[in-house]
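Welcome, and thank you for taking the time to look at this protein. Please have the sequence and the 3D view open, and let us walk through some of its features together.

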Amino acid sequence: MNQAADGFTEYAIAVRQFQQQVLPTGLPQTTVWGYGNANDPSPAPGVVSSFNYPAFTIETRSNAPIRVTWMNQLVDNPGNPDAQYLPHLFAIDQTLHWANPAARMDMESMSPEPYMGPVPIVTHVHGAHVAAESDGYPEAWFMPAASNLPEDLRTQGNLYASAQPAEAGSAVFEYSNSQRATTLWYHDHALGITRLNVYAGMAGFWLLRDDVEDGLNLPGPAPQLGDEPGTRYYEIPLAIQDRTFAEDGSLWYPDERSYFDGYSGPFIPETTVPPIWNPKFFGNTMLVNGRTWPYLEVEPRLYRFRLLNGTNSRFLLLKFNTELAFHQIGTEGGLLPGAPPELDQILLAPAERADVIVDFSQFQPGDEIVLLNLGPDEPFGELPIEPEALANPETTGQVMQFRVVELTDNGNPGEIPASLPPIERLTTELPARTVTLNEEMFMPADVPVEALLGTNTDLGLDWSDEITERIQVGDTEIWNIVNLTGDAHPIHLHLVNFQVIERIPFDVDRFHDAVVGGRGPHGGDNNAPLEAPDPLDFAIGSAHDPLSWEMGWKDTVIAYPGMVTRIIANFDMAGLYVWHCHILEHEDNEMMRPMLVTE
């Protein structure tokens, strides 16, 4: 890290492969991918290194600009000019539309065999208000600077971008951090392989602070660079993920389609079913900050936790095994307005965050509290969850343990704010934009083929189809997100934070038929011009207000089945961005679309 003359704090952050003790001590180490200081050595016994899974937290203040040189060092000997590329830890399905270095454009292949070549990456700071060239566009990927790169492979995606000149195997992104104090995170976003790169370990927190947050007297401190060993912390980010491990300690991820629903072929090109991709993934082991079922020693006092659902597909429903509340002070876009809601459980979709304060003062040294996960071990639809779908109470139903120790006078004891600053509600006179969530099936076997986004005139749009979300810079738009599938989806928009307006139940079949028939809600003359049906014309019940913890700014929202989820956002920066489902297996197979904000 250094300070540039133009005011940017500069980082050089690389991605490498290394071994880490993820499983309990005494069990084998695990090979992972992670971010770290490009000037550091890779982790090894007796070596001090910043490379870690999950990555070290980047912390800065609102409006303090950062410049990061992101480096792809997925090679066998980083820093050596003769280093050779490493293949992926998991099987890459070439039949998806992906960051394919063997193609002229990023596209699928008809080969059912897994790709074994060098791995492309591109980093996205999730929730960042950032210029398009630094957003980590899925087609802006780049390869490692390996000595044995095949000559017929491209080294950059067709929309590669860098804010400054960059050496081979890297890109320079600039972040203005022009937003409120909040909990962001960074992760890989390469087209069609995000699920694999993030699962391998490419994720970390990115925290912003400001004067408003400083004045709230919240519990602290949080971890800081240069802290003495043994420093006690009372603000702690917690990245929750699920993984499956092989007997040798390696990460396991399915390499055939049958994992999800038993379908074993035929595959592409005989059918439309991809041979390796699975519609969702649920690991059998819970991890927090890169450790399986860890414990944290806590004193009988207030703690601030920044919770991140960093899983690929799993919805988390977090609850303590005793009478203990979460006082939620923030979400993805920063502090909530008004009195912090007191919750006995927290629902987090993949990519959602919750900033909470927990009061352990009622407990005595020696007490043990378990953070449970009451979410399902299968696709999530809505609450309540059927008992037979609940996470296994012996494995994925347990997240971590808190062990109460003696009270000290360290740090800042803090307080739970009685009220947080208000938020101005957005309004607009523009007509609402309707977008749809869809699923394509291979009907002979009744199995999913891909997940898709669409509009109220076309329900099945691929990534490469003409851009339909074209927005004038400066406009404030309402989006009606119409879920036509049987599952809930976490929908994430790049560039903007938004506000949740309401959710409205609607008649899924009648709306679907109206779009397909192009005749609106009441049918009509077959010779009449095609219509774009308004989903609100198909409402079948009263609107549901946002939940108490959805009243602030968000960048990811749960779109429930059978609901029109309505959000509002101001698009204040021109450029090419994306919006997508944050179930990573979905976004990797067409449930992502470009979004163009024009001058």
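Rings of Phe, Tyr and Trp, the last with its six-membered ring, count as a pair if their centres lie within 6.5 Å. With that in mind, look for Y234, Y303, F305, F320, F326, F360, F363 and F402, which form one aromatic cluster. Please keep in mind that what you see is a predicted model. One member of the cluster, Y234, also has a charge above it: the charged end of R301 sits over the ring of Y234, 3.5 Å from its centre.

How many aromatic pairs does the structure hold? There are 33 of them. A pair of aromatic rings is described by the distance of the centres and the angle of the planes. Take F90 and Y253, which form a tilted pair, with 6.0 Å from centre to centre and 50° between the planes. F90 belongs to the loop between β5 (66-72) and β6, while Y253 belongs to the loop between β11 (251-252) and α3 (258-261), so this pair ties together parts that are 163 residues apart in sequence. Both F90 and Y253 are buried.

A second pair to visit is F511 with F538, an edge-to-face pair with 5.6 Å between the centres and 80° between the planes. This pair links distant parts of the chain, 27 residues apart: F511 is in helix α4 (residues 508-517), and F538 is in the loop between α4 and β30 (556-559).

Now turn to the strands. Four of them make an open sheet in the order β4-β9-β8-β6, with mixed pairing. At the edges stand β4 (55-61) and β6 (123-126); each has a single partner strand, so one side of each is left without a neighbour in the sheet. On average, neighbouring strands of this sheet are turned by 20° against each other, direction ignored. Within the sheet, β8 (residues 182-188) and β9 (residues 203-209) pair in the antiparallel sense over six bridges. Here you can find W185 opposite F205 in β9.

Next, pick out F245 in strand β10 (residues 235-245). With a relative accessible area of 16%, F245 is buried, because buried means under 20%. Residues that F245 touches, leaving aside those up to four places away in sequence, include V22, L23, T30, W252 and N284. By contrast, F245 and L225 are 20 residues apart in sequence and 32 Å apart in space, C-alpha to C-alpha.

Finally, a few details of the backbone deserve a look. The peptide bond from Y53 to P54 is cis, with omega near -10°, and P54 lies in the loop between β3 (30-37) and β4. The bond from G265 to P266 is cis as well, with omega near 5°; P266 lies in the loop between α3 and β12 (285-288). N289, a residue other than glycine, has a positive phi, near 50°. You will find N289 in the loop between β12 and β13 (291-292), partly exposed at 30% relative accessibility. D446 also has a positive phi, near 55°, and sits in the loop between β24 (433-442) and β25 (447-455).

Methods:
Residues numbered from 1 in each chain as written. Predicted model: local features only at pLDDT ≥ 70, side-chain atom pairs only at ≥ 80, totals over all residues. Heavy atoms only, no water. Helix = DSSP H or I, 4+ residues; strand = E, 2+ residues; numbered from the N terminus. Buried < 20%, exposed > 50% of the residue type's maximum accessible area, 1.4 Å probe, protein only. Contact = heavy atoms within 4.5 Å. Pairing = 2+ DSSP bridges. Axes fitted to C-alpha atoms, helices over the stretch in contact; angles between N-to-C directions. Phe/Tyr/Trp six-rings, centres within 6.5 Å; stacked < 30°, edge-to-face > 60°. Lys NZ or Arg CZ within 6 Å of the ring centre and 35° of its normal.
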